[in-house]
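Q: Could you take a close look at the salt bridges in this one, and tell me which residues pair up and how they sit in the chain?

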Amino acid sequence: MAGRVQVKVCGINDAEAYDAASRAGADMVGFVFYPPSPRGVTPEQAGALAARGGTGRRPLCVGLFVDASDEEIAAALEHAPLGLLQLHGEETPERCAALRARFGLPVMKVLGIATAADFARLDAYAPVVDRFLLDAKPPPGASLPGGNAVSFDWGLLAGRAIPRPWMLAGGLTPVNVAAAIRATGAPAVDASSGLERTRGVKDPVLIASFVAQAHAAEAVG
């Protein structure tokens, strides 16, 4: 059996969602520091949520940033104990390296995938990041870089070596996450919009089901 699949619940913005993710055994929770997002939080809000601790597993706090300035990241870190910086914009490899060096934290670069050609970007980022998050490219007209409830063709990952630890995202739900893990061999999965009762509001039942389904899939992987 492969190693344990890690689970990240992104877009946590209230106590109910944080507590549900912790109870379910999520490995990571994501705080979105991007005001246009309906899941966005302030540094103060993220800090208050992280201070809740956890029931059982204490999830790693991940900060999602979109082409943020050093000052914006520093402000988030002043309030929230982030253990990983998730860069979801057009950050270059040089920018990733600079942020990793300045803040002394691991960096996860998000890359949008639509065709096999999109994997070519991995090589430029691999030397300067700690993880990749492979997400679906936003559909035409989308206002957000992620959280758009769309998937890419998982068959593109078949037999493909990814040069860093990686996470699968894009349209994942409790219904399809097990199939996604089996199809791709993903060592980690990430969901946001697929765990919401309404846009921007997480459903504790969906969070619990998503984590349970991901763990069940690893048992047969």
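A: Let's start with burial: a residue is buried when its relative accessible area is under 20%, exposed when over 50%, and partly exposed in between, using a 1.4 Å probe and protein chains only. Going by that, 52% of the 221 residues of the protein chain are buried. Bear in mind that this is a predicted model, where local features need pLDDT of at least 70 and side-chain atom pairs count only at pLDDT 80 or more, while totals for chains, interfaces and linings use all residues. Residues are numbered from 1 along each chain as its sequence is written, and side-chain values use heavy atoms, leaving out hydrogens and water.

A bit of setting before the pairs. The protein chain has 7 helices and 10 strands, which are DSSP runs numbered from the N terminus (H or I of at least four residues for helices, E of at least two for strands). Its radius of gyration is 16 Å, close to the 17 Å that the globule rule gives for 221 residues, so the chain is as compact as a globular protein of that length. That radius is taken over C-alpha atoms, and the rule is 2.2 Å times the number of residues to the power 0.38. Along its principal axes, the C-alpha trace spans about 40 × 40 × 35 Å.

Now the charges. Lys and Arg count as positive and Asp and Glu as negative, with His and the chain ends not counted. A charge is placed at NZ of Lys, CZ of Arg, CG of Asp or CD of Glu. The chain has 20 positive and 22 negative charges, and their mean positions are 5 Å apart. A salt bridge here is a side-chain nitrogen of Lys or Arg within 4 Å of a carboxyl oxygen of Asp or Glu, and the count comes to 11.

Take Arg52 and Asp19: their side chains meet in a salt bridge at 2.6 Å, N to O. This pair links distant parts of the chain, 33 residues apart, with Arg52 in the loop between helix H2 (43–50) and strand E3 (60–65) and Asp19 in helix H1 (residues 15–24). Arg52 is partly exposed at 44% relative accessibility, and Asp19 is partly exposed too, at 22%.

Next up, Arg102 and Asp70 form a salt bridge at 2.8 Å, N to O. Asp70 has a relative accessible area of 18%, so it counts as buried.

Then there's Lys109 with Glu91, bridged at 3.4 Å, N to O. Lys109 lies in strand E5 (residues 107–113) and Glu91 in the loop between strand E4 (84–87) and H4, so the pair ties together parts that are 18 residues apart in sequence. Both Lys109 and Glu91 are buried. Elsewhere, salt bridges that share partners join Arg39, Glu196 and Lys202 into one network.

Leaving aside neighbours within four places in sequence, Arg131 has contacts (heavy atoms within 4.5 Å) with residues including Gln6, Met28, Leu84, Lys109 and Arg164.
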